[in-house]
Each structure stands twice: as structure tokens, then as C-alpha cells.
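Please find below a colleague's note on the structure shown here. The points run from the whole chain to single residues.

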Amino acid sequence: MRKRIFFKLFLLIIMVVGVSTAALDILVRRSWEASLSAQLQRDLEDKVQMFAGRANRESGSIPFQQLATEVATAAHARATIIDRSGRVLADSEANSTEMENHATRPEFVSALHGQMGGNTRTSHTLGVDFRYVAAPTSFGAVRLAYPLSSIRADVRRVRLKLLEASSTALLVGFVFALIGAESISRRLRRMVTFAQEIAAGNLSARLPETGSDEIATLAIALDKTARQLETNFRNLETSRHQLETLLNSMEDAVIAVSPAREVAWFNGAMKRMSTSTIAVGTPLIRAARDPDFLRVVADVLDTRKTQTVTLYSVVPGRTFGMTSAPLPDGGAVCVLRDSTEIVRVERTRRDFIANVSHELRTPLTSLLGYTETLLDEPLDSKTHKFLEIIRRNAQRMSRLTDDLLTLARVESGEDPLEQAPVSVRELLRDAQISFNEVARMKGLTIEVAQSPDILVFADKDAVHQVFTNLMDNALKYASGTKKIEIGAIERAADVEFFVRDFGPGIPSEHLARLFERFYRVDKARSREAGGTGLGLAIVKHIVLNHGGQAGVTSDLGHGAMFWFRLPLAKVQAEFTEQI
Ligand code: ADP
């Protein structure tokens with residue numbers, strides 16, 4: 001890493017130094033050359049004017065050759081003197097007698113015309129590049145020439161210096177690149193090690209950095225992220241630990257199943273309950289053998305809907321209530337509660353009630369029989385009144401024991417339903433016919449409001465019992481009104497039957513509890529009407545046994561509508577086929 005960084009940095013430095021050297025060479029050298037030339041020109045012009053002045057003054061008193069040599073030495077230049085015809089009279093560098101006529105030289109052309117002239121070219125005489133400047137005199141013209149080689153040497157010196165400076169800069173850059181690469185790569189290596197530690201799960205790894213450049217800012221941000229991660233992870237761990245302790249201390253068995261139907265997690269109660277070895281990662285089918293349990297879990301995993309069932313063979317001889325719910329990760333969690341004791345107590349209670357009711361039946365029948373026989377005898381009014389009270393109460397007790405027995409039977413499910421496809425129309429017609437007479441006597445009519453031509457999957461006699469209880473109530477509580485409506489509505493998967501009256505209705509606060517046993521809105525009225533408080537409880541249990549639902553809506557003062565739903569026969573047939 002260090003080598004790569006170094007090469008990149010050094011390449012950058014070479015490029016920067018190279019570009020600046022080239023720019024300096026082009027710009028500075030040119031302006032330097034131009035300024036040197038301009039200065040040389042000015043210098044030569046001054047000196048040639050002085051040369052011309054001296055030549056004018058001293059011509060005739062000192063030989064031209066001596067004058068040329070003196071001026072050349074003083075001006076560090078080549079000095080030439082010509083007459084009006086262009087003949088060279090003297091030259092500091094060459095023999096004047098051997099030199100050709102100079103009248104056509106551009107600088108002399110101007111000078112012989114009375115003006116200062118200049119030119120740059122290679123000397124015919126000496127073969128060297130010169131800058132020439134000539135000035136007119138009284139006898140002809142004088143000229144000073146400066147070799148351009150000295151300017152070029154100056155420029156070359158400057159370029160050499162520039163090159164030296166660039167090389168030094170490159171050397172310094174090399175050292176800086178080395179140091180920089182080492183420092184950057186050391187810091188980056190630290191960050192890589194840090195990232196690897198975090199990836200390996202060591203969230204306590206830290207990246208100390210104090211600088212303020214980009215790398216330091218990144219390192220500080222990474223360090224902060226690691227701290228945050230560690231805090232969050234610790235909080236999560238604590239919550240997980242708490243949850244685990246809580247679930248392990250529960251008496252209910254809890255098991256989580258992964259989407260691949262493997263055991264994802266289970267608590268202590270589940271482990272104790274499990275007859276086979278249970279471990280995380282084992283297929284559920286090996287951890288639990290109960291087919292109902294496996295079916296419900298598979299159902300919940302597929303449908304993602306919570307289900308509650310009763311299981312009988314998870315542990316032989318014990319009953320469990322299980323609720324299985326989908327988990328957000330696609331799996332499911334099951335909570336199993338041992339309900340063996342509750343079921344046993346419930347059964348004992350039901351048996352007790354059934355037995356008591358049954359035992360009471362014979363003495364009650366005999367009581368009623370004797371009372372009625374006595375009532376047929378001529379009696380004084382007081383005895384008649386008392387016997388009438390005994391008969392009424394015996395009748396009530398008899399109804400109560402009958403209802404208690406019916407309720408115990410439907411609640412226990414021991415009397416299995418004989419479900420079959422039954423015509424809805426037939427059920428409604430039976431209900432209407434059975435109660436027509438009683439209704440007529442109470443001044444009421446029974447109307448079939450809606451009667452779809454469909455089949456429900458139900459036990460005909462049980463449904464008739466439901467209608468009996470509901471109609472009985474409607475006739476009891478809605479007497480004095482005109483009609484009772486019965487009917488059925490087809491829904492997606494079931495049929496909703498209803499019995500509607502236009503009596504006093506039921507206050508809304510009672511509606512939720514109305515189907516509880518012995519729950520009555522007005523106890524005195526119910527008793528007076530011959531009610532036992534068990535009619536709706538029986539309705540509820542019969543409907544539940546069909547896999548349906550029962551309920552009530554009421555508009556106080558305008559009547560009540562009791563409804564119950566039974567499965568459609570065709571839906572039931574499909575369901576049975578699937579099983
Ligand atoms: P009961 O034998 O007392 O009628 P039910 O279980 O059949 O017992 O009904 C419970 C209570 O619901 C009744 O006591 C009565 O207060 C109320 N109830 C039932 N049906 C009606 C109705 N059609 N109109 C008004 N109240 C009703």
C-alpha cells in the first residue's frame with residue numbers, strides 16, 4: 001500500500017514540477033531574453049553616439065585604428081569606422097584593408113543617410129552573430145557591434161539555474177512523497193486493521209485519531225460508529241438475556257420455528273415437555289411428533305395467520321392449548337399451555353351439573369304429577385293458590401334442569417353433531433311452521449324475509465333447537481308488536497341466519513354479555529316470562545360446534561336482531577376434500 005501511495009504522490013510531484021519548470025522556461029526565459037536585448041540596444045545606442053562624437057572631435061588628431069581599438073576596449077564591443085563611400089577606415093577586430101565595402105550594410109545605409117541604424121546578423125568578416133548599431137559622423141559613420149553569443153550564454157545560465165532548482169524541487173518532492181506515503185499508509189493500515197476487527201465481531205476495537213484532515217475525520221466517524229454499535233449491541237444483548245430468562249421462567253412451553261421448519265429457539269418448559277431430543281437447528285418433525293401440532297405450524301408458516309388449537313397427543317394423557325403466531329422473519333412461534341387440569345375440572349363441573357339435573361328430574365316429575373292431581377280435586381281457594389304456586393315453581397325447575405342438561409350436552413361435545421347439507425329454505429320453513437300457531441295466539445305473524453336457495457352444512461335438529469330458543473325469546477319479549485322476521489343471507493363462506501323482532505330491544509351495555517349463561521337484562525321479567533337464562537348460551541354452543549358464530553344487534557326501543565352463521569355446504573365439501 002505504501003509503495004502505491006508513494007508512486008502516486010511522486011508522480012503528482014513530478015507532474016507539478018515539470019509543468020512549472022516548462023512554464024517558467026517559456027515565460028521567464030523569453031522575457032529575460034527580450035529585456036537583455038532591449039538593454040543591449042540601449043547600451044549600444046548610447047555608446048555609439050559617444051563613439052560618433054569622439055570620432056568627430058578627434059578625427060585627424062589620432063589615427064582611426066587607435067580610436068577604434070580604444071573605443072572597443074572601453075565598450076567591450078567591436079568598433080568599426082567607415083568613410084562616406086563605405087570603405088572601412090578602421091576595425092577593432094579585423095584588418096580594415098582586407099574588409100569589403102560596408103556601404104550596403106543595413107545599419108550603415110541608415111547612418112550614411114544621417115540616422116542611427118541597427119541590425120542583427122552573422123558577420124561576413126568574422127562569421128559570428130552580432131547586434132550592430134551605427135551612427136553618422138562628419139566623415140562617414142561609426143559602428144559598434146556586440147556579439148549575441150554573450151546574451152545567449154546569459155540565457156543558458158538562467159536555464160541551467162532553473163533546471164537546478166527543478167531538480168532540487170524534485171529531490172525534496174521525492175523525500176516528501178516518501179514521508180507522506182509512509183504517514184498516510186500507516187494511518188490507512190490502522191483503519192484497515194480496525195475494520196477487520198469490527199467485521200470479526202470485536203466491537204470494543206477503537207481507532208484513536210486526533211488530527212483534523214480528511215483521514216482523521218473519517219477515522220473519528222468510524223470510531224464513533226463502532227462505539228454506537230457496541231452500545232446498541234450491548235443493549236440488545238441485555239434485552240435478549242432478559243427475554244430468555246423470562247421465557248425460561250415461564251410455565252408455558254415456547255418454541256420458535258424457522259422458515260425452513262427447523263427449531264430456532266425453545267425454552268426450558270419446552271425442553272422438559274419434549275419426549276424426543278430437541279436442539280436448535282434440528283428439523284421440527286424430529287422435535288415434535290404430534291401430527292396436529294405439525295399441521296398447525298405448517299399452516300401458520302404458509303398462511304402467516306395466528307391459530308389456536310387444542311392438542312391431545314403432544315404428551316400422552318395431557319391436553320395442551322396452543323397458540324401459534326407468525327414471526328417477522330418468516331418463521332413462527334408456538335406457546336403451549338398445559339390445560340389438562342382445567343379440562344378435567346371443567347368436565348367434572350359439567351358432569352356434576354348434568355348428574356344433578358338428571359337426579360332432580362324424577363322427583364320433579366313426581367312433584368308436578370301429584371300437584372296437578374291435587375289441583376283437579378275440589379279445594380278451598382287458599383289451598384288451590386298454594387298448590388298453583390308449587391306447580392309453577394316445579395315447572396320452572398323442570399325447565400331449568402332440561403336446559404341445564406341440554407347445555408351440558410352441547411358444551412361437552414359428547415353428543416356429536418350429525419352435519420349434512422341442509423336446505424336453508426327448509427330450515428326457515430320448519431321454524432316458521434313450528435311457531436306459527438304460538439305466534440298467532442300472541443297476535444304476531446312470522447315472516448320469512450329472505451330465503452336463498454342454498455345449502456348449509458349443519459345438524460338439522462340442532463339448528464331447529466337454535467331457532468326454537470331465538471323464536472321463543474322473540475315471542476316472549478316482543479309480544480304486543482306485529483311481526484317477527486326470519487331469514488338468511490348468503491356470504492362468502494357461510495350463511496347468516498337472522499331472527500328479528502320489533503319489541504323493546506336491548507340496551508347496548510348488555511349486548512356483549514348476553515350469550516353468557518344466566519345473564520339476563522331484567523331478571524324479574526325473564527322469570528315471569530318463564531325464562532331460565534340459558535337459552536342464548538345453548539344457541540352459542542350449538543353454533544360454535546358447527547364452526548360458526550352467533551351475535552346480536554339491537555336498536556333500543558325498535559327491536560333486536562339475533563344472527564348466527566353456519567358454513568356453506570359447498571365450501572365445507574371443498575374443505576373436507578382438502579383434508
Ligand atoms: P331467558 O330464558 O331469560 O330468555 P336467554 O338466554 O334466552 O334467557 O336470554 C338472555 C336474556 O337476553 C334475556 O333474559 C333477555 O333479557 C334478553 N333477550 C333475549 N332475547 C331478547 C329479545 N328478543 N328482546 C329483548 N331481550 C331479549
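1. The accessible surface of the protein amounts to about 33500 Å², and carbon and sulfur atoms account for 57% of that surface; accessible areas come from the Shrake-Rupley method with a 1.4 Å probe, and for residues only the protein chains shown count as cover. The model is a predicted one, in which local features need pLDDT of at least 70 and side-chain atom pairs count only at pLDDT 80 or more, while totals for chains, interfaces and linings use all residues. Residues are numbered from 1 along each chain as its sequence is written, and side-chain values use heavy atoms, with hydrogens and water left out.

2. Of the 579 residues in the protein, 38% are buried. Buried denotes under 20% relative accessible area, exposed over 50%, and partly exposed the range in between (1.4 Å probe, protein chains only).

3. The radius of gyration of the protein is 61 Å, whereas a compact globule of 579 residues would have a value near 25 Å. This radius is taken over C-alpha atoms, and the globule rule is 2.2 Å times the number of residues to the power 0.38. Along the principal axes, the C-alpha atoms fill a box of roughly 200 × 60 × 45 Å.

4. The domain assignment lists domain 1 (2-153), domain 2 (250-338), domain 3 (342-410) and domain 4 (418-578); such bounds come from an automatic or database domain assignment. The centres of domain 1 and domain 4, taken over C-alpha atoms, are separated by 132 Å.

5. The protein contains 16 helices and 17 strands. These are DSSP runs numbered from the N terminus, with helices (H or I) of at least four residues and strands (E) of at least two.

6. Ser-339 lies in the loop between strand S10 (332-338) and helix H9 (340-376). Ser-339 counts as buried because its relative accessibility is 13%. Leaving aside residues up to four places away in sequence, Ser-339 touches Thr-319, Phe-320 and Gly-321, a contact being heavy atoms within 4.5 Å.

7. His-76 is not a glycine, yet has a positive phi of about 50°. His-76 sits in the loop between helix H2 (64-75) and strand S1 (78-83). With 64% relative accessibility, His-76 counts as exposed.

8. Arg-261, also a residue other than glycine, has a positive phi near 60°. Its loop joins strand S6 (253-257) and strand S7 (263-266). Arg-261 is partly exposed, its relative accessible area being 37%.
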